[in-house]
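Biologist: I'm new to this one. Could you walk me through how to read it?

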Amino acid sequence: MLEKGRISSFQLSVLLVGFVLGSSIIITPGGDAGHDAWIAIALGLMEGSLIALIFTALVLRFKDKTIIEINDLVFGKVIGKLISVLFLWYFLHLGALVLNDYVHFFRLELYPATPRTVMLLIIMLVCASTVNRGIEALARCSLILVPLTISVIFLVTMFLIPHFNLNNLMPILDLPIGKLLWSAHSVASFPFAESVVFVMILAFLNKSEKGGRAVSKALIIAGLVLIIASIRNSAVLGPMVAAYNYPSYQAVQVIDIRDIFTRLEILVAINFITMGFLKISVLLYGTVLGLAQVLNLQSYRPIILPVGILMVILALTNVANTIELFDFTHKIYPIYAVPFQIIIPLITLIIAKLRQLPKTDGGIP
Amino acid sequence: MKNRQQGKISLVILLSIISVFIVGCWDSRELSTLSLIAGLGFDLDPATKRATLTYQSIVPSQVKPSPSMGGGEGKQTGSGGLQSIQLDHDTGLSPYEVLNRYTQHGSRIPFYQHTQVIVIGKAAAEHGLYPFLDTVIRNPAGRPNILLAISDNKASDILAVEDGMENIQAVGMANIIKLSARFSKYPAVTCLDFTSRFIGKTTAPVAPIMGVFEETGPEGKRQKKIRINGTAVFKGDKMIGKLNEQESSGLLWVINQIEKGFVIIPEASLEIIGSKTKIIPELTGGKIKITVEIEEEANLIQYNNARNITPDLIHQLEKAQAREIESQVKAVIKKSMALNADIFDFGGAVHRKYKKEWKKMEPRWDDIYPTIEVSVKVKTRLDEIGDINKAIMTE
């Protein structure tokens with residue numbers, strides 16, 4: 001076993017909440033649904049939870065095995081490795097996309113002059129150092145950061161209540177049903193079903209039978225937070241919510257309590273730093289551990305930095321500008337992610353059931 | 001072992017020291033290198049299509065603590081006025097070209113995070129605001145809650161007027177707008193409000209109009225002052241008309257932005273303590289009827305006649321007050337119909353109630369709007385009558 005750490009189901013839940021909040025804390029999902037975004041998020045949460053059911057069922061069926069080992073068992077050494085490499089590509093690419101969200105946001109709003117390479121390397125160093133300390137350290141980080149972030153979200157929401165105009169949320173279901181469903185699916189693929197990377201982590205639960213409930217609990221909590229943020233943004237910004245790139249950031253700028261509590265938008269940026277850090281760390285961890293397992297390495301630690309640098313390079317080269325990133329996220333990604341999030345785990349699960357794996361009586365411990 | 005620990009400790013110390021010195025090294029901004037733009041004015045010459053921007057920057061060394069903070073002697077008067085601010089003008093073809101020209105004469109980097117108010121000249125407003133508006137809301141440094149004002153002449157004139165109470169003129173101007181909105185005279189319009197109405201297609205944006213007037217000061221000198229004297233009505237990005245004082249109040253009644261303020265009727269003055277407005281659209285046989293329901297509560301603060309206040313009299317005052325509010329509302333509705341500008345977001349109200357029919361109505365809203373039948377229902381309640389319950393003089 002490459003990873004000796006074990007985490008509790010509570011730690012897993014908190015880490016997953018942080019992972020889902022990740023970059024969606026700043027790029028509110030379902031943005032193309034306008035003021036109906038919260039409905040899209042609710043529907044997307046349902047779809048995402050169904051998808052999560054598939055991969056949790058798969059991983060928990062094989063106790064203490066990551067998806068890489070499961071693929072080897074289910075498909076055999078050669079095809080299994082190929083499929084594993086597909087997953088690794090997805091984790092790596094997703095990590096690069098989150099890095100992109102990161103760098104585009106910060107270079108626009110806060111650090112216009114800082115070179116993107118430097119920014120990416122700094123965040124990657126922090127993530128790499130966390131991953132180097134193993135899954136337990138990562139989970140404990142989330143125990144501090146996630147409650148902090150959620151309380152900040154509630155705090156700024158409270159501050160914004162005087163600026164709420166609930167008329168902005170009416171009429172409910174204004175969108176054609178097709179558009180709403182597409183929007184819901186895009187919310188399911190980003191962020192909820194991205195939790196498929198936890199196929200690398202669920203194996204390290206100390207009590208694996210609690211895994212399913214931990215995952216669904218986490219998704220629901222993160223979903224509720226996102227729904228609240230979405231309702232808040234629509235109520236405050238009105239029809240402009242669809243026009244802004246980063247609605248939460250703009251909405252929080254509106255806060256003005258007696259000229260004392262103003263310019264609180266930095267809190268949103270801090271939330272994004274912490275949650276983005278968790279998301280990138282989880283993805284880096286998944287990629288690195290998976291690669292080590294595919295290559296039968298003794299330890300995953302030596303390849304953390306190389307893979308991290310690879311992720312940074314991918315982030316630097318894969319999109320040319322912000323609008324390309326958003327276009328990819330909203331139009332292509334919901335389809336691109338389907339094989340990794342649904343199809344491959346589903347096929348693996350079906351084959352595992354047909355072949356009645358894992359064999360409890362056999363030689364596999 | 002000990003060596004390693006020492007190494008670790010010195011590494012931590014080294015990192016802490018480094019982190020103090022290199023924070024935000026690429027993006028560090030020192031106050032002494034920034035020119036804080038407090039107010040921004042935008043003018044357009046309709047003939048040449050050249051834009052002029054007026055920057056009112058704060059001169060930090062000249063900002064004195066206001067007298068109320070104690071210690072400070074306040075603003076020196078007489079020696080040229082406007083000391084804590086500096087005005088600069090630039091002209092060019094597009095807003096950004098002008099912003100860029102600032103670097104030709106400014107010694108500091110313009111910094112817009114503390115901009116209080118944006119003033120737009122009348123000619124620019126009538127010509128169309130889109131390029132300027134885009135500049136403001138696209139710029140990450142611009143904030144959604146910057147106040148907008150329209151100048152009844154040139155924006156640069158308004159930004160040059162010294163205002164009495166505040167050190168920084170733009171702050172004073174922002175306070176004037178906020179105060180008039182608090183007392184329900186004219187709307188306070190932020191960039192966000194303006195663009196939300198703008199993006200909503202059928203709803204017409206509004207903004208307060210400010211003007212300069214002159215009066216004789218305490219030392220006998222003529223002094224310039226600024227005041228709000230109307231509300232500009234936009235259609236799309238172009239200003240098409242102006243609401244007067246009465247119509248502006250009427251607008252606030254309809255869009256439920258009455259906070260406090262006064263209703264003056266011939267025999268008494270009443271202080272508003274609360275008000276709620278509902279816009280109820282009804283669609284019957286393809287025709288839209290809109291009912292504006294206002295429920296208001298007020299206190300009596302002045303009564304002109306030396307009579308004791310009786311329940312009957314209260315009732316009469318309530319009715320007179322309702323008539324006054326109704327006349328304000330009717331005036332603004334008439335004006336908005338004449339301008340064919342939906343400043344009340346009636347379109348939004350119809351959309352919220354009849355979302356299917358709205359799809360067909362939205363493109364024809366300009367034809368529909370002037371034909372809408374609007375009825376106004378005002379319910380008022382007089383609560384307190386003040387500290388005295390008897391007339392202090394009898395007739």
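**Reading chain B and its partner**

Biologist: In chain B, what share of contacts between residues at least 6 apart in sequence join residues at least 24 apart?

Modeller: Two residues are in contact if their C-beta atoms, placed from the backbone, lie within 7 Å. In chain B that share is 72%. Keep in mind that this is a predicted model, where local features need pLDDT of at least 70, side-chain atom pairs count only at pLDDT 80 or more, and totals for chains, interfaces and linings use all residues. Residues are numbered from 1 along each chain as its sequence is written, while chains are lettered from A and ligands numbered from 1 in the order in which they are written.

Biologist: How many helices and strands does chain B have?

Modeller: Helices (H or I, at least four residues) and strands (E, at least two) are DSSP runs, numbered from the N terminus. Chain B has 12 helices and 14 strands, and its C-alpha atoms fill a box of roughly 90 × 65 × 60 Å along the principal axes.

Biologist: And how do I read two packed helices?

Modeller: You describe them by the angle between their axes and the distance between the axes. Here, α8 (residues 245-254) and α9 (residues 311-339) of chain B pack at about 100 degrees, axes 7 Å apart. Axes are lines fitted to C-alpha atoms, for helices over the stretch in contact, with angles from 0 to 180 degrees between N-to-C directions. So α8(B) is roughly perpendicular (65 to 115 degrees) to α9(B). Among the residues making that contact are W253(B) of α8(B) and I325(B) of α9(B).

Biologist: How many residues does each chain give to the contact between chains A and B?

Modeller: Chain A gives 19 residues and chain B gives 16.

Terms used
Angles under 35 degrees count as roughly parallel, over 145 as roughly antiparallel, 65 to 115 as roughly perpendicular and the rest as oblique.
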